[in-house]
Amino acid sequence: MAILEVKGVNKNFGGLAALSDVNLSVQESTVHAIIGPNGAGKSTLLNCLVGKLMPDSGSVMFDGQSVLGLKPHEINQMGISRVFQTPEIFGDLTVLENIMIPCFAKRDGAFRMHAFEQFAHETELIDRSDGILADVSMADQRDAHAASLSRGDKRRLEMAMCLVQEPRLLLLDEPTAGMARADTNNTIDLLKEINRKRDITMVIIEHDMHVVFSLAERITVLAQGTPLVEDTPDNIKGNPKVQEAYLGESQN
Amino acid sequence: MLGLNKKDTSLFLVIVVLTILAPLLLNPFPSETALAQFNAGYPDLMQRFVVFGIFAIGFNILFGLTGYLSFGHAAFLGIGSYSAVWIYKLFTYNVLPALVLAIIVSGFFAVLIGYVSLRRSGIYFSILTLAFAQMSFALAYSVLSNPKFNLTNGETGLQVYANDLQLFHRESLPDFPHLFGLSMGSTYKLGAGPWEFQFNVAYYFCAIMMILAFYFAIRLFRSPFGMMLRAVKSNQQRLNYTGLNSRPYMLAAFVISGMYAGLAGGLLAVTDPLAGAERMQWTASGEVVLMTILGGTGTLIGPVLGAGFIKYFENIFSKINDQVLHQWFTFLPDGLEDFLVAIVHPFIGKGWHLTLGILFMLVVIFLPGGLVEGGQRVERAVRRLMRRGKAADAANVSAE
């Protein structure tokens, strides 16, 4: 069953058509990659899914419900989490607090006036946060300031913040950009495990073909704002159109 | 204790002890000596310490936690004062209903002003709040003060007149704000040798209010709600993409902070039963910003320190005049004495703002964390010295 259904989405910036007639169907529990050369509209598409941008026309359905016109926090509360291209975390807060915030969001919804409650009393949420920190092997950095983490750790923290919400759909915008090979492989393993164990559907935008082919079950190739093909990784590799538009370009 | 951790409890107890003992601690100089003019232990000034302390604590909840710089908080101060005086005029001089109304009305205005202003962030938010405050000032100063409908009594300021309704006022009750008959104006004077200490009812009433306000602020800072506000300051976009709606959090912070200002305004009318429009002017809004930054933005105790600092220097420096300066420099040769007095002259009396400005610049440049950071630096330096001393001792012992 398709958990995310994008139909006929158009988005123009001034005279520039960033997206034209994009259709995308993501099956539940799969990893779906979106690839394409720079300026193909990948990030624009992602921004349309999370409420940052409003498409000019078309529809975006998540689990049978339209997400268009909803605010980012409402879309998140439906079960869509997003990992950004540059890690977006709460730099002034500790690592534990960074994880606690999505825990509160999950339990209490978009707003709750807990001004007279005590942080230390939330043992259940603290335990859960400690658990997820152990999962991403960051338990020893629990009380560090998030801003002081290395870039790789910031990414893992952001991932953990998304995971602790148990989203149904996880959107990843170049999760390995700027990483060393070893870190990249760790991230691939982590994502595979997340997908398998937690049964989270993923849409991933990525430039690194190694990552794409190790993770994705379906691949959509975007070029100049339109989907070129959508197929399995093996077929994409052999597709001459894709070679021409993207792979060929990167091999030269 | 009281749901506070160890460190916060001790901080809280320090504040409690300091405010209770303030009439003693702030009067270190015997009353007949030349130094007595540096004493701050008289009711009028102490009241201002705690009232503006409350104002700054509340302001810090908004500015310190969320980073939204309101430049119009004095509006709530004025609204609080007007509300309290209206209770005096219509019903009773009892301060409790006056304060309750002050908090409610300022909270109501904070909802309106916050709802509109929080649609923008950064400098635009500041400008919107400033615009609202100046509008409130204009309303209070002229618009709402005409013969047909006189809510604020304009330039003169709102005060209680003999022919006012005062429904629940009785002959037996004092003609001054009181707490169930205990007049806020009464002062107990304690002479101890050359010293004289003044224990004033209004001061202690305001001090208790500040202790309560401080306690609520600690609890709020340490609560999940406080964490969300810090998250707004740190990365609002991430907060929204994490399923939290930052807007009601911001509005709640704005309203709480506005109600603190309303309480402070009400307390100003407790110490002196009148309300004037100048209380809402932008300089008053700017003053609370200075207090918070000077003391240490985002720290618990900083705003209180900042408020005390500014109010102290406002009073002391503005009291010093050329005559006092001549007394100080009298040991110098005449020419030099006149010269020094001429140099210092612009910084005292009416020129005390100049001194305050210089102090403020020094703090912002050398202590960006405010007086609190200064305190921390001193503490660290002392620790280092003590450690070095211990290490030296240890070395001596091993050498022997």
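Is strand β7 (residues 169-173) of chain A mostly covered or mostly uncovered, and how many of its residues are buried?

Modeller: This is a predicted model, and what follows should be read as such. Strand β7 of chain A is mostly covered, with five of its five residues buried. In a regular strand the side chains alternate between the two faces of the sheet. In β7(A), one side carries A:Leu169, A:Leu171 and A:Asp173, and the other carries A:Leu170 and A:Leu172.

Strand β6 (residues 80-83) of chain A runs parallel to β7(A) and is joined to it by four bridges. Within this pairing, A:Ile80 stands opposite A:Leu169. Strand β8 (residues 201-205) of chain A is also parallel to β7(A), and five bridges join the two. Here A:Leu172 stands opposite A:Ile204. To get from β7(A) to β8(A), the chain passes through helix α6 (residues 181-198) of chain A, in a right-handed β-α-β crossover.

A:Asn76 lies in helix α2 (residues 72-78) of chain A. A:Asn76 counts as buried because 27 other C-beta atoms lie within 10 Å, where the cut-off is 20 or more. Apart from neighbours within four places in sequence, A:Asn76 is in contact with A:Ser81, and also with B:Tyr241, B:Thr242 and B:Gly243 of chain B.

Terms used: Residues numbered from 1 in each chain as written. Chains lettered and ligands numbered in written order. Predicted model: local features only at pLDDT ≥ 70, side-chain atom pairs only at ≥ 80, totals over all residues. Buried ≥ 20, exposed ≤ 12 C-beta atoms within 10 Å, placed from the backbone. Contact = placed C-beta atoms within 7 Å. Pairing = 2+ DSSP bridges. Right-handed = clockwise from strand over helix to strand, strands pointing away.
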